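The following report looks at the charges and the overall build of a protein chain, and then at one residue within it.

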Amino acid sequence: MTTNSMPRRTRLMSGAATGLALLLTATGAAHAQQASTPSTDTVEEITVTGIRAGIENAIALKKSSSSIVEAVSAEDIGKLPDISIAESLARLPGLTAQRLDGRAQSISIRGLGPDYNTVLLNGREQVSTGDNRGVEFDQYPSEILSGVLVYKTPDAALIGQGLAGTADLQTIRPLKYGKRVLSANARYEFNSEDKLNPDAKDSGHRLSATFVDQFLNDTLGVAVAVSDISTPTQSRRFNAWGYPTTASGDLVIGGAKPYVQSNNLKRTGVIGVLEYAPTDKFRTSLDLYYSEFREKQVLRGIELPLFWSSAMLQPGYTAEGGLITQGTYTGVKGVMRNDLNTRDTTLKSVGWNTAYDTDNGWTLMADLSHSEAKRTDVIFESYSGTGPAGVGATDTMTFNTTPGAGTTFGSTLDYTDSTLFVLTDPQGWGGGAAGGALTQAGFYNTPSINDELNAIRLSAKRDLTWGPINKVEFGYNASRREKSKEVHESFLTFGGRIADGAPLSRPIPKEALLGTVSLELIGIKAMLAYDPTYLLDHGYYTLIADQNPAVQTRNWAVKEDVQVAYAKFNIDSTVGSIPVTGNTGLQVVYTDQFSTGTKVNPADTAHPTSNDGGDKYTYVLPSLNLTFDLSNETFLRFGAARTLARARMDEMRASQSFNMNNGNLTSTDPNNSFFSTDGGNPELRPYIADGVDIALEKYFGRSAYISAAGFYKHLSNFVNSSSSHIEDFSAFVPLLSPAQQAALGTTQGLAKGPENGKGGFIRGIELSASIQGDIFYEPLRNFGLIVSGSYTDSEVKLDENSAPISMPGLSEKVVNTTFYYENNGFNARISNRYRSKFLGEVAGLSAARIYRTVDSESVLDAQIGYEFRQGPLDGLSLLLQANNITDEPFKTYENGDPRRTIDYQKYGTTYMVGVSYRF
């Protein structure tokens with residue numbers, strides 16, 4: 001890939017950062033005073049008093065927990081102002097993040113991806129704005145959360161526990177906080193890349209405010225937090241169609257779809273907490289959360305059909321190790337694209353909790369909750385070229401493929417010439433459209449998601465003296481979750497179908513032209529930029545719905561009724577002279593799942609019929625957590641539990657599509673026959689894990705610890721997404737012409753769909769340490785280091801005869817490092833997140849989610865800041881932060897061969913300059 005020299009704004013920012021660092025250092029010396037140390041029992045304190053205070057609070061949470069956990073405190077989040085909580089979580093031992101458009105969005109815990117983990121908000125399970133169960137963390141502003149607790153081992157009272165872990169996002173408790181506070185934050189944000197598209201933004205903001213107070217003699221507590229952000233990002237994206245094999249046996253790039261992409265993400269989040277405790281026996285609280293998320297993506301590039309088109313690979317190419325790295329294609333008919341994607345999402349959550357302490361020692365609790373997400377996408381593709389298929393100039397293109405970094409091209413056409421390019425269907429993609437050929441001058445896809453979860457929880461607990469048992473808790477939780485996806489896909493045409501006389505092309509109106517955009521990332525100087533919404537709004541395009549029955553089979557709905565009864569017993573005893581605490585218990589989980597969808601009707605293929613199905617099942621999930629106090633602040637923890645994760649919702653869909661492959665018409669092999677079908681399976685059972693964990697933790701007061709942990713999980717019921725079996729399709733034979741019926745090789749074919757298969761294991765070790773310099777040498781007391789590393793191994797077999805597969809989201813090696821300095825209000829830190837290659841979920845054709853190998857990456861962030869602690873500026877803090885300093889690329893490749901790059905994306909460095917004030 002080609003690289004650019006450092007943009008002017010980056011050089012200016014680097015100089016500003018150096019100047020600000022010197023200024024803050026000098027200011028810190030002028031206002032030197034001893035930093036106060038917060039009380040360790042106030043772990044939800046949100047006052048920003050330094051990086052060290054946040055670390056100490058997180059350590060206190062980890063140390064006092066009866067389970068094996070990791071924690072992020074409010075000070076951590078406040079001092080590391082990430083775009084979402086995901087970046088902060090990704091720095092914890094055993095946790096990793098997958099980047100989407102340059103930002104961390106989904107989290108893997110111990111090598112298991114987001115579909116195998118759950119997210120709670122104040123202990124309540126949350127819905128997802130994504131297509132499945134995995135929560136997209138960019139919906140949760142870090143500025144308005146007080147902390148996160150990640151459970152690596154569950155207990156019986158943890159509702160909604162995940163297969164590998166559970167992340168509980170927590171908001172502030174105003175009565176426990178016990179003070180009045182009003183704080184405000186403002187940050188200016190921009191990227192080292194100037195805007196790559198003329199109609200994009202290149203700067204944004206992050207605003208937030210928090211108010212906490214207590215009333216009525218500290219019996220009524222109120223907390224309100226508001227966050228508003230506008231975040232621009234720029235992406236240089238190379239994408240390859242794939243690498244077919246030539247007649248000589250060499251691999252060659254088969255097509256490319258490079259873009260320059262400009263994003264703008266707008267999000268408004270509000271959290272409200274109301275607590276009332278009029279007596280020592282009664283307390284009630286109301287939690288409210290609302291997030292409104294809007295994202296706009298502008299993408300421009302040239303899609304280049306190469307080997308998989310009428311273009312011809314010329315002799316004289318250069319091949320290295322079986323991969324053609326240099327060559328020439330003639331007859332290339334590029335598709336110039338001006339695309340626009342938008343996403344509108346709302347997320348709501350309400351929880352009401354009431355607790356009462358009876359006179360006989362029992363605490364009774366009732367909790368009602370509602371979580372709801374709605375998402376609507378618009379995927380708008382606009383095509384132009386030198387003419388419709390078979391008409392217009394073609395390009396002769398040289399190419400240079402760099403293994404691991406994509407392909408650059410040399411062209412003979414001027415892609416900025418508005419007299420040469422017209423709105424059209426350059427490749428004739430609309431020629432085979434259901435209902436008759438049309439000019440596919442673009443595509444308009446509007447998928448939507450609705451997800452709703454309602455739950456009620458009842459529990460009773462009390463202290464007791466029953467041998468080693470010192471407390472007991474019984475509870476019941478009932479929930480109903482309903483999630484649906486609806487897809488609408490349309491062709492953009494010029495008034496109708498070709499048979500009806502619709503034109504094959506139209507000129508690009510001058511009013512829609514915006515100028516040009518650079519495509520230096522692929523070696524092409526520039527291309528035309530125009531506004532596709534102008535064309536749609538002014539009648540240049542006519543939408544014709546895609547009549548392919550397969551479109552309707554992408555619609556589905558899933559409903560789950562889950563009932564959980566649990567019993568938990570707290571343990572406080574000794575083994576010999578060693579104190580032992582912990583808990584044991586079990587959950588009984590009953591599930592009634594049901595899905596509706598569509599399937600093809602052989603009597604009327606144009607009108608699919610409804611389809612449904614479901615299943616009911618019960619699982620018993622025991623758990624045990626023990627902590628052995630080995631004295632001298634050394635603890636040995638042991639955990640054992642059975643956990644489950646329900647199958648992906650798109651795999652549980654009752655929809656079934658129907659396919660006829662003309663290339664296999666005469667085949668007599670049912671595995672490669674004319675007929676086939678694929679779809680979901682509403683009878684899928686959940687993934688099951690039987691796990692054992694052990695951890696040794698040594699603490700050094702409140703500010704440091706070292707830990708070594710190991711885990712093993714035996715996996716069963718693993719879902720085989722590519723399972724298939726042979727079915728008879730005789731009912732569909734009348735759809736064929738007499739000639740086709742006579743040539744048909746077999747009426748049997750494959751019915752493809754997910755099924756529960758075998759399983760395997762996942763195991764790993766985790767080493768972590770949080771160290772302050774004075775442990776080694778007193779003059780180093782202002783320095784600190786947080787480091788963690790993990791190695792995870794897995795082996796999963798989908799059936800007896802299959803080879804082991806990689807677990808989605810699993811990186812074998814993960815290393816997180818943070819080095820920081822803090823003294824007299826001045827603070828600085830530098831952090832690095834490394835993860836080895838993994839199988840990640842990315843967007844495929846028609847926004848469908850697919851898995852692809854993601855290359856290893858190392859992301860470097862840094863920040864410096866100063867907090868005034870006396871004088872007229874007391875309460876004021878300044879901040880400068882840089883994320884992705886080294887502009888680490890996001891890379892994917894196919895078939896386990898890193899040379900065969902599919903995606904190569906670079907996002908630039910994001911800078912933030914901020915100020916906050918605490919009244």
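In the protein chain, the mean positions of the 82 positive and 99 negative charges lie 2 Å apart, where Lys and Arg count as positive and Asp and Glu as negative, with His and the chain ends not counted, and where each charge is placed at NZ of Lys, CZ of Arg, CG of Asp or CD of Glu. The model is predicted, so that local features need pLDDT of at least 70 and side-chain atom pairs count only at pLDDT 80 or more, whereas totals for chains, interfaces and linings use all residues. Residues are numbered from 1 along each chain as its sequence is written, and side-chain values use heavy atoms, with hydrogens and water left out.

| Property of the protein chain | Value |
|---|---|
| Span of the C-alpha trace along its principal axes | about 85 × 65 × 55 Å |
| Buried residues (under 20% relative accessible area, 1.4 Å probe, protein chains only) | 57% of the 919 residues |

Among contacts (heavy atoms within 4.5 Å) with a separation of 6 or more, 73% join residues 24 or more positions apart.

K152 sits in the loop between β6 (147–151) and β7 (166–170), strands being DSSP runs of E with at least two residues, numbered from the N terminus. K152 is buried, with a relative accessible area of 1%, and its side chain makes a polar contact with the side chain of E766 at 2.9 Å; such a contact is a pair of N or O atoms within 3.5 Å, and within protein one must be able to donate a hydrogen and the other to accept it, while residues adjacent in sequence count only if both atoms are side-chain atoms. Not counting residues up to four places away in sequence, K152 touches residues including R110, D693 and E766.

Definitions and conventions: Buried means under 20% relative accessible area, exposed over 50%, partly exposed in between (1.4 Å probe, protein chains only). Helices (H or I, at least four residues) and strands (E, at least two) are DSSP runs, numbered from the N terminus.
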